[in-house]
Amino acid sequence: MITPKKLFQNLSLLHKLLLMFLTVTIIPLLFITVFFYDRTEQRLLELTYENMSSSNQQINSNVNAQLDGLRQISSLIYTDEALQVYLTQTYTTDYSTVEAYRYIDGLLYSMLTANSNLASINLYVYNETLPEDGLFLKHITPENLPIQYLIQLQQTYGNNIFSNVIQDQKGKNVIYLGRILNYNNQNQHYGMLTIGLYEELLYRLIEKEEQNKSVYLLNENNQIISASDKSLLNLPFSEAIGPDLSSNQKVVTIKGQPHLLVYNTMQHGWKTVSLTPIDEIMRSSRKTAMQIVVIALVSLGLSLFMIVVIANYFSRRLRKLNRQALKVEQGNFIILPDDFSKDEIGQLGTAFNKMSARLKDLIDTLYVKEIAKRDAELYALQSQINPHFLYNTLSGISSLAIRNSDMEVSKIVNHLARFYQVSLNMGHQFITLEKELALTKHYLAIQHMRFEDSFIEHWEIDPGLASNETLKLLLQPFVENAINHAIVDDHTSLNITIRVYQSVHADAPALLLEIEDDGCGMSSDQVGTMISNESKAGYGIKNVHERVQLAYGRNYGVTIRSQVGSGTKIIIMLPLQQQLNKR
């Protein structure tokens, strides 16, 4: 009986290769294609959800800014004691009435001029002795202020409330902020205030975010108050669109089509809702999947063709050479026995032996040469600076500044002189931790003169480590990067914390240097480029990482931990060395 193993052994090399190719390649290819397509769809949905949520948060921030502006105007009017007097006093002469109009109109005109986005500002009063001015001042009557809205305002006890979308006399959609005007020490009111905001302004805040999706702005009752389709205004979202927001579903069905639903709630109860059709999200993914299938099929056909053409030319010597190549790849440089044939495979074997011997020699010497080369380059760079000339020049500038009574210039020049004195270190690349900290303090003093109070440094230093050895200029590049890139805005000081403490790493005492800030942080992609050749901003950081690993080995170096909006922490791991080496 012929067993499968025996049958396989009896097949020709060509048939074996074809069978193995079909078994080992096609099945995994189908599995990988299906698996990655499914994972790609899931990841695409997650990324789209995150983007939509981020977009909603931006809209919420912009809308809140507009609404806060209305609240501020409302508060200014509410707390204006002179306005209260004018609205509540009894008028018996035309002169006093004109004086009241002059103050009221001047106040409200200035607010409308300073806030051009407002549709209107109106005051409604009970005072019948103060006639309506036809502009801002009206009496509280059912014609001017609907009784339902009046009752709603009275129940707020002086708080701000927003109306639904109402069309004004010009046919424009307006949302009104309403507030009752009452006496601060009495439970009664003397008038009402309304401030109108065009719905079109709110829609402009969400319009730029409507890319392949629909965005709706809802009030606290889940009624649509801004959308591209104006016929939906004031309708409940569940009635106009379909899904119920209370279920917190991510994928909902609208008119038989699945949609991705994301909504974010503002502090006062308003919501921003985004809807994106799933088919729109998956369109590019499915197109890419088809391209992958086409490429896979073409590659499969070409591979089969190449196997059929070249299978008869494979031989034992070629397979042996291939196995030896794998050993060389793993670092085993054993020389092959001489092959005395003169054909291409024999010549390849001879050249391979020479290459293996040469490669082994290069690997043995390359590391030492690379270190020597880097030291020579560093020494050449430092030699280009004449320390005495630099110190004398900076001292001269400082003296000249003192003679001209410019103490700030003198101070920054002195800090700069001390910085270079420590950093040059007579050409040595190793200094004490105490000097490294002093160098960093001089640098920070210079930056304070430039950025004033834009940042605050904090020191958490183990004083017992001051005499330990470290490479110079380890802290400064990271402090510089935090000052230049981590500051969130001009109104909040950046906190930079520098820590030095002892720990254990790889079963040996270790010296840890940390630089932590509470700035804007970085994404994972930005962190990945900081110590790569792709980052111009991280050139100094990459240099620190390479210098540490060249000096102490691959077990030491720089670690970056960061998250967008949560700051950045840099950890520099060094061996703990008590005695300062003279290098």
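Predicted model: local features only at pLDDT ≥ 70, side-chain atom pairs only at ≥ 80, totals over all residues.

Which residue in β14 is the bridge partner of I461? The partner is V500. Strand β14 covers residues 494–505, and its pairing with β12 is parallel, with seven bridges.

These two strands belong to an open sheet of five strands with mixed pairing, in the order β12-β14-β15-β17-β16. The edge positions are taken by β12 (455–461) and β16 (557–562); each has a single partner strand, so one side of each is left without a neighbour in the sheet. From one strand to the next, the twist averages 20 degrees.

Helix α13, residues 433–451, lies across β12, β14 and β15 (508–517), and runs at about 165 degrees to β12. Helix α14, residues 476–485, packs on the sheet and touches β12, β14, β15, β16 and β17 (568–575). The direction of α14 makes about 150 degrees with that of β14.

Another open sheet of five strands has antiparallel pairing and the order β7-β6-β10-β9-β8. Here β7 (224–226) and β8 (251–254) are the edge strands, and each pairs with a single strand, so one side of each has no neighbour in the sheet. The twist in this sheet averages 40 degrees from one strand to the next.

V251 has L260 in β9 as its bridge partner. As for β7, helix α6 (residues 199–207) lies across this strand and β6 (214–218), running at about 85 degrees to β7.

Terms used: Residues numbered from 1 in each chain as written. Heavy atoms only, no water. Pairing = 2+ DSSP bridges. Helix = DSSP H or I, 4+ residues; strand = E, 2+ residues; numbered from the N terminus. Axes fitted to C-alpha atoms, helices over the stretch in contact; angles between N-to-C directions. Contact = heavy atoms within 4.5 Å.
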